[in-house]
Amino acid sequence: MKHIDPKDISVREIQKLMSGGVAPRPIALVSTISAGGAINLSPFSFFNIFGANPPVVAFSPTRRGRDGTTKDTYDNLNETRECVAQAVTHAMVEQVNLASSDYASDVDEFVKSGLTPIPSDLVKPPRVKESPFQMECRVTQIIPLGTDPGSGNLVICEVVRFHIDEKVIRNGVIDPDLIDLVGRNSADYYTRASGSAVFTVKKPASRIGVGFDQLPEHIKQSCILTANDLAQLAGFEQIPDEAEARDFISSFEPLEVSEPVFDEWSKDYDYRKMLQGALATARTDRARARHHLELTVKAALYRNDLDTAWKVVLYMNMI
Ligand SMILES: Cc1cc2nc3c(=O)[nH]c(=O)nc-3n(C[C@H](O)[C@H](O)[C@H](O)COP(=O)(O)O)c2cc1C
């Protein structure tokens, strides 16, 4: 590990470090308007939501690194205290990047980026038509976090109206594949939050898992089960009892198979067949059977069958 005291590196290095380690960050494409009516559009990835009641978002237009001056967005928000924060999708990321260029304050980045302004309902700054998720906001607080180059300005806003393109909603939720958002990492890296980048983790919500400390030692040492696998087992509410596990396992017919066939089942996460194969192996080769049983646990976890996974874990101690 590297251990760094922020006092020992430049502001530029700090920013690089933080944007790599706190990533991917959501991006707000923020439209504002000056007191004189000049429209501005810029992206901000120091951005997130902070509550739903009232709905609050915050972002930080920092002071410019080169000379410590404030950005147009910040100045406009101080003057008119309204903005629209919109989500950034993969289809618009290059235009958003263009809007981040440091144009003079009288230049409208809608014009430069080619993004389309449409009127808002409750605030003066226009919305960005291309974004499927737009939030009309009123500023509630602006908190300067310093006065030197690179220092932040926390802009806290209340959302007064949401606009969502119905095309991105499936089964009542905004679907990651349909909205296809991008996030910001460090340097020129971005993350596309759709396709294989998206996965699910079941919420613990109402169930209280048995915890890591209750896992049997023999599986904690496993080279096959990862920390994520073990945490899934630890999230199960109640460890099945051993008799139950034995009965369950004995309901499976052992099935002699070659290693390549077992590998095929493993690739398909066919944990029931794998269990049958492992039971046959257990008759002649205990070490290999344990290896196959661990693979079976992993496949059952992949298929979200925690009950079977746990019963196989318990059975491993019986052979
Ligand atoms: C994806 C992306 C995210 C950005 N995030 C921030 C940010 O969180 N804070 C910031 O001050 N600048 C950020 N920038 C840079 C600003 O967009 C840039 O300084 C812009 O010129 C500010 O415009 P303004 O002076 O018109 O407000 C980001 C740029 C990009 C491309």
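Two elements, strand β3 (39–44) and helix α2 (72–80), each supply at least two residues of the shell around the ligand in this predicted model. Of the two, β3 deserves a look to start with: this strand gives the most to the shell, with 4 residues. The shell takes in 17 residues around the ligand, and those that come nearest are S42, F46, K71, D72 and T73. Sorted by class, the shell around the ligand holds 8 polar, 5 nonpolar and 4 charged residues.

Next comes a pair of helices. The axes of α10 (residues 271–281) and α11 (residues 286–302) come within 9 Å and cross at roughly 170 degrees. Because angles over 145 degrees count as roughly antiparallel, α10 is roughly antiparallel to α11. On the α10 side, the contact is made by Y271, M274, L275, G277, A278 and T281. Helix α11 brings R288, A289, H292, L293, L295, T296, A299 and A300 to the contact. By class, this contact of α10 with α11 has 9 nonpolar residues, along with 4 polar and 1 charged.

Then there is a sheet. Here 3 strands line up in the order β1-β13-β14, forming an open sheet with antiparallel pairing. The edges are taken by β1 (25–26) and β14 (190–192), each of which pairs on one side only. Strand β1 is joined to β13 (residues 182–184) by 2 bridges, and these two strands run antiparallel. As for P26, its bridge partner in β13 is G183.

Technical notes: Residues numbered from 1 in each chain as written. Predicted model: local features only at pLDDT ≥ 70, side-chain atom pairs only at ≥ 80, totals over all residues. Near = placed C-beta within 6 Å. Nonpolar A, V, L, I, M, F, W, Y, C, P; charged D, E, K, R; others polar. Axes fitted to C-alpha atoms, helices over the stretch in contact; angles between N-to-C directions. Parallel < 35°, antiparallel > 145°, perpendicular 65-115°, else oblique. Contact = placed C-beta atoms within 7 Å. Pairing = 2+ DSSP bridges.
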